[in-house]
Structure formats: C-alpha cells, structure tokens
Amino acid sequence: FNAQDISNVQFVLKFCANMISNTLAYHRELTLKKQNEALLNIAKNLFTRLNERDILLHAIMEEARNLIKAERCSLFLVKEETQDLVAVVFDSEISEKSNERIKLRIPIGQGIAGYVAKTG
C-alpha cells in the first residue's frame, strides 16, 4: 500500500464510522419510542379503567412484560388480613371467578418476594 491508498481507506472508514454511529443512535431512539408508547398506553388504561382493578393490573403487566421481553410475570399483592402475599394476577392471565384468581400465597418475609414486601 502507498500513502494514497492508506489515506483513501482512512477516509472510507471515517465515513463508515459515522454511518454506524447514526444507525445505532436511530435504533436507540426507536427503542425509546416503543417504551414511551407502552408507558402512554398504560397511562391511558389507568385513567379509563380505574374501577376495574384486575383488568388494569392485567394491562399493566402485559405492557411491562412486553417492555422487558419476559416470557412470564407475576404480581403479588399484600392481603392485610392474613399478612400474605397473594398472586392475584399470575402469568398475565385473568380468571373469570375471583376465587380461582388466587394462585399462590407467600408469607411476608419468606422468599425473595416476601423479603421485598417486608423491607420495601
């Protein structure tokens, strides 16, 4: 290679580096846009479904699951009377009957979810 060849290759590489940088920035912006749209969808559901707790929780869980690309998700709520964590909506499925919705109970302080509920 002579000096002119090296100069030409450097010029092309600088151009390619700029194109790659712009492509990566565009991809980050698309990801951010999708996340913001999901959060906006959750906010819309929040204000339109305030009376329907289970449907609202299901919609929030679906959006959260999609945002982090998880296969499954669980939501545990504290049942004050028994001081248990209860999976009211589990794996993003809503059951028709309220007694069938409860899939799992964990005492507060037991396991990771119980520890989080106890300590915040």
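Which residues line the largest pocket? The legends below take this up, then turn to salt bridges and a surface patch. The model is predicted.

**View 1. The lining of the largest pocket.** His-27, Leu-30, Thr-31, Lys-34, Gln-35, Ala-38, Asn-66, Leu-67 and Lys-69 line the largest pocket. Its volume is about 180 Å³. Helix α1 gives the largest share of the lining, six residues. Both α1 and α2 (53-67) supply at least two lining residues each. Sorted by class, the lining holds three nonpolar, four polar and two charged residues.

View 2. The side chains of Glu-37 and Lys-33 form a salt bridge, 3.8 Å from N to O. Both residues sit in helix α1. Four residues separate them in position, about one turn of the helix. Glu-37 has a relative accessible area of 45% and is partly exposed. Lys-33 is also partly exposed, at 49%. The whole structure contains three salt bridges, and this pair is one of them.

View 3. Glu-62 is partly exposed, with 21% relative accessibility.

**View 4. Asp-84 and Arg-105, a salt bridge between two strands.** The side chains of Asp-84 and Arg-105 meet in a salt bridge of 3.8 Å, N to O. Asp-84 belongs to strand β2 (residues 84-90) and Arg-105 to strand β3 (residues 105-107), so the pair ties together parts 21 residues apart in sequence. Is Asp-84 buried or exposed? Asp-84 counts as buried, because its relative accessibility is 16% and the buried class lies under 20%. Arg-105 is partly exposed, at 38% relative accessibility.

View 5. Leu-46, Phe-47 and Leu-50 make a nonpolar surface patch of about 340 Å². Leu-46 is found in helix α1 (residues 3-48). Its relative accessibility is 34%, so Leu-46 counts as partly exposed.

How values were computed: Residues are numbered from 1 along each chain as its sequence is written. This is a predicted model: local features need pLDDT of at least 70, side-chain atom pairs count only at pLDDT 80 or more; totals for chains, interfaces and linings use all residues. Side-chain values use heavy atoms; hydrogens and water are left out. Patches are made of residues with over 30% relative accessible area and no salt bridge: like charges are joined within 9 Å, nonpolar side chains (Val, Leu, Ile, Met, Phe, Trp, Tyr) within 5 Å. Accessible areas come from the Shrake-Rupley method with a 1.4 Å probe; for residues, only the protein chains shown count as cover. A salt bridge is a side-chain nitrogen of Lys or Arg within 4 Å of a carboxyl oxygen of Asp or Glu. Buried means under 20% relative accessible area, exposed over 50%, partly exposed in between (1.4 Å probe, protein chains only). On a 1 Å grid over the protein atoms alone, a cavity is a set of points where a 1.4 Å probe fits but cannot get out, and a pocket is an open set with protein on both sides within 12 Å along at least five of seven lines; lining residues have an atom within 4 Å of a point. Grid points are joined across faces, edges and corners, and a volume is the space filled by probe spheres set on the points. Ala, Val, Leu, Ile, Met, Phe, Trp, Tyr, Cys and Pro count as nonpolar, Asp, Glu, Lys and Arg as charged, and the others, Gly among them, as polar.
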